[in-house]
Amino acid sequence: MNNTSKHQGLRNQLITLLKEKGITDISVLDAINKIPRHLFLDSSFEDYAYQDKAFPIGAGQTISQPYTVAFQSQLLEVKKGHKILEIGTGSGYQTAVLCVMGANVFSVERQNKLFKQTFNLLPKLGIRPKHLSFGDGYKGLPDHAPFDSIIVTAGAPIIPQALMAQLKVGGRLVIPLGEETQIMTLLIRKNETQFEKHEFGDFKFVPLLENKN
């Protein structure tokens with residue numbers, strides 16, 4: 001697992017860029033500064049791994065650009081020990097960021113090839129989520145609910161009811177909503193029946209697919 005001082009220098013530059021773009025959460029920036037993003041990408045992309053860009057990771061999926069990962073992570077307001085549900089493990093990069101921030105991460109991936117790759121990769125990097133599973137993200141993980149927060153890393157046409165049901169009172173659900181482009185949306189659960197909604201501008205994600213395993 002090749003992680004050199006050159007890679008660290010590139011991460012330092014990336015952190016400067018993320019700060020310029022408005023990321024202020026120190027724990028988010030520290031996690032991104034520690035994690036070797038190049039190891040989550042095909043080796044042909046290694047020289048570009050610390051640019052603020054998304055890249056293909058196979059199975060029609062992408063690794064989100066670092067700014068998007070940082071932005072979603074910042075919206076979650078992660079505290080050490082928080083129990084977080086991630087819908088769309090993908091490359092495992094977002095999973096790693098949350099783990100390094102001290103969260104207990106439960107993650108679901110619907111592409112079996114990506115699930116196997118990530119399941120094998122994360123332990124080699126010393127990243128240990130609480131639970132990785134292969135399944136339908138629309139259903140969440142009811143057996144492990146409730147969660148302090150939920151992050152969805154694919155564009156959803158609607159907010160899945162199952163995910164809202166699995167969020168603790170006071171919990172935060174971060175989800176990109178929309179078809180072609182998505183609006184980053186934050187729901188905060190106020191009580192059993194009420195949610196407070198905030199919107200944070202346009203992003204672009206691959207679609208969240210239902211019942212497609």
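**Pockets and sheet in a predicted model**

Let me begin with the largest pocket, which holds about 430 Å³ of space; a pocket here is an open set of points on a 1 Å grid over the protein atoms alone, where a 1.4 Å probe fits, with protein on both sides within 12 Å along at least five of seven lines, and lining residues have an atom within 4 Å of a point. The volume is the space filled by probe spheres set on the points, with grid points joined across faces, edges and corners. Of its 31 lining residues, Thr62, Ser64, Thr153, Phe205 and Val206 are the closest to the centre of the largest pocket.

Please keep in mind that this is a predicted model, in which local features need pLDDT of at least 70 and side-chain atom pairs count only at pLDDT 80 or more, whereas totals for chains, interfaces and linings use all residues. Residues are numbered from 1 along each chain as its sequence is written, and side-chain values use heavy atoms, with hydrogens and water left out.

Strand 2, helix 3, helix 4 (93-100) and strand 4 each supply at least two residues of that lining, where helices (H or I, at least four residues) and strands (E, at least two) are DSSP runs numbered from the N terminus.

The second largest pocket has about 180 Å³ of space, and among its 13 lining residues the closest to its centre are Phe40, Leu41, Asp42, Ile57 and Gln117. Helix 5 gives the largest share of this lining, five residues.

Now to the strands, two of which pair if DSSP finds at least two bridges between them. Strand 1 (residues 55-58) and strand 2 (residues 61-63) pair in the antiparallel sense over three bridges, with Gly58 opposite Gln61, and in their hairpin, which has two residues between the strands, Ala59 takes a positive phi near 60°.

Strand 4 (residues 104-109) runs parallel to strand 5 and is joined to it by four bridges, with Glu109 opposite Phe134.
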